[in-house]
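Visitor: I would like to learn how to read side-chain and strand features in a model. Please take them one at a time.

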Amino acid sequence: MKTCLECSAKIFGREDKKFCSDSCRNAYNNKINKDSTNFMRNINNKLRKNYRILAELNVDGKSKVSRDKLLTKGFDFEFFTNILQTKTGNTYYFLYDQGYRSLDNDYFMLVKKEI
């Protein structure tokens, strides 16, 4: 007899079942997938916030915005997921598919990568 991975109750039904209920399955997966430390949770929250800000300001896939507008919304320039260096020497900072690069006069070009 198999037992539930979350609560160790006996499992009835299909042979390949691992959990006795949806709530046990959800609880087990939430436990496994949670951020293991406050440090990780804080960084992931900052990345998510930065991504939401860029997505909100860059509806058309390409736009221009001032540094002040980004800072007012709470954007943190220290947190991004990757850097893209173009052949022309431009440096883009990305949060997943949303990116930005510095322009003159404290403006930024926002772009969206087609995935």
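**Reading the contacts**

Guide: Contact here means heavy atoms within 4.5 Å. Leaving aside its neighbours within four places in sequence, glutamine 98 is in contact with Tyr51, Leu54, Ala55, Asn58, Tyr93, Val111 and Lys112. The model is predicted, with local features needing pLDDT of at least 70 and side-chain atom pairs counting only at pLDDT 80 or more, while totals for chains, interfaces and linings use all residues. Residues are numbered from 1 along each chain as its sequence is written, and side-chain values use heavy atoms, with hydrogens and water left out.

Visitor: Is glutamine 98 buried or exposed?

Guide: Buried means under 20% relative accessible area, exposed over 50%, and partly exposed in between (1.4 Å probe, protein chains only). Glutamine 98 has 3% relative accessibility and therefore counts as buried.

Visitor: Which side chain does glutamine 98 join in a polar contact?

Guide: A polar contact is a pair of N or O atoms within 3.5 Å; within protein, one must be able to donate a hydrogen and the other to accept it, and residues adjacent in sequence count only if both atoms are side-chain atoms. The partner of glutamine 98 is the side chain of asparagine 58, at 3.3 Å.

Visitor: In which strand does glutamine 98 lie, and what is its bridge partner?

Guide: Helices (H or I, at least four residues) and strands (E, at least two) are DSSP runs, numbered from the N terminus. Two strands pair if DSSP finds at least two bridges between them. Glutamine 98 lies in strand E4, and its bridge partner is leucine 95. E3 and E4 are antiparallel, paired over three bridges. Their hairpin has two residues between the strands, and tyrosine 96 there takes a positive phi near 60°.

Visitor: How many bridges join strand E2 to strand E3?

Guide: Four, between residues 82–85 and residues 91–95, and these strands run antiparallel. Isoleucine 83 stands opposite tyrosine 93 in E3. In this hairpin, with five residues between the strands, glycine 89 has a positive phi near 95°.

Visitor: How many salt bridges does the structure hold?

Guide: A salt bridge is a side-chain nitrogen of Lys or Arg within 4 Å of a carboxyl oxygen of Asp or Glu. The structure holds six. One of them joins aspartate 22 and arginine 25 at 3.1 Å, N to O. Both residues lie in helix H1 (residues 22–33), three residues apart, about one turn of the helix. Aspartate 22 is exposed at 51%, whereas arginine 25 is partly exposed at 34%.

Another salt bridge joins arginine 67 and aspartate 106 at 3.5 Å, N to O. Arginine 67 is in helix H3 (residues 67–72) and aspartate 106 in the loop between strand E4 (98–102) and strand E5 (107–112), so the pair ties together parts that are 39 residues apart in sequence.

Visitor: Over the face of which ring does arginine 67 lie?

Guide: A charge sits over a ring if NZ of Lys or CZ of Arg is within 6 Å of the ring centre and within 35 degrees of the ring normal. Arginine 67 lies over phenylalanine 77, 4.7 Å from the ring centre.

Visitor: How many aromatic pairs does the structure hold?

Guide: Rings of Phe, Tyr and Trp (its six-membered ring) pair if their centres lie within 6.5 Å; planes under 30 degrees apart count as stacked, over 60 as edge-to-face and the rest as tilted. The structure holds 10 aromatic pairs. The rings of tyrosine 100 and phenylalanine 108 have centres 5.9 Å apart and planes at 75°, so this pair is edge-to-face. Both residues are buried.
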